[in-house]
Amino acid sequence: PEPPHVNGEDPRRPPRLLGLLRSMDLLVERRTDDDPEPYDITRAPVRPGVPRSARLTAMARAETGSLVHLWYSYTFQPGRHNHEFPGEVRHGALPVRVRHPLTGNPVTVAGVRVTEVETIDDLDRAEEDRSRLDVGYGMCFGHNERKAIAMAGLDLLVHRDGGRSSLEQEVLLTLDGIEASGFLEHLKLPHYVDFRSVLDRKRAVRAARKEAAAR
């Protein structure tokens, strides 16, 4: 049977915490109109300064372990004594829709399980509005709360870092497990020419030092 509705609300779909916080005017507004479509990091280069959707995509593709490590290392670096906390952790299924090539109408072709997290952080710097909170966002495939929480935390850290460190570059370029594994695997291939060139440079340096000492 249908559950009873209270004040016109479906108990199966409780109101989101962010909606409550926004109604209390406690949040910094992170929603903008300058990033309407997700940035496709498979077709366009990624470098610091790309839209937020590019960073979220890169983290959604990242390995869980590398993502957690990067979030943890920056969260507890010297001089930072607080940490964010998850406001809501949700699990659910989302449809995968594509546009039909003949009719042009959206068609559902599959469904995926996802984990979604919104992380809340205290604004405590002198240049920030200390009467409000900031929010980070994370969503990944599967039932993976650790990855989504670390992702939301890094979303906040990159935003608040403001380009002062290499964090955004690390998020964009070092977390892809396929790329990292590919680079590691290539080390097992022969590197005769590279190694020979290194040896030649070392010998040249030693010869130059010996000659200088003799003079």
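Visitor: Which residue in S3 does Ile120 stand opposite?

Guide: Ile120 stands opposite Val135 in S3. This is a predicted model, in which local features need pLDDT of at least 70 and side-chain atom pairs count only at pLDDT 80 or more, while totals for chains, interfaces and linings use all residues. Residues are numbered from 1 along each chain as its sequence is written, and side-chain values use heavy atoms, with hydrogens and water left out.

Strand S2 covers residues 106-122 and runs antiparallel to S3, joined to it by nine bridges. Strands here are DSSP runs of E with at least two residues, and helices are runs of H or I with at least four, both numbered from the N terminus. Two strands pair if DSSP finds at least two bridges between them.

S2 and S3 belong to an open sheet of three strands in the order S1-S2-S3, with antiparallel pairing. Strand S1 (85-99) and strand S3 (133-141) each have a single partner strand, so one side of each is left without a neighbour in the sheet. On average, neighbouring strands of this sheet are turned by 25 degrees against each other, direction ignored.

Helix H4, residues 145-161, lies across S1, S2 and S3 and runs at about 140 degrees to S3. Contact means heavy atoms within 4.5 Å. Axes are lines fitted to C-alpha atoms, for helices over the stretch in contact, and angles run from 0 to 180 degrees between N-to-C directions.
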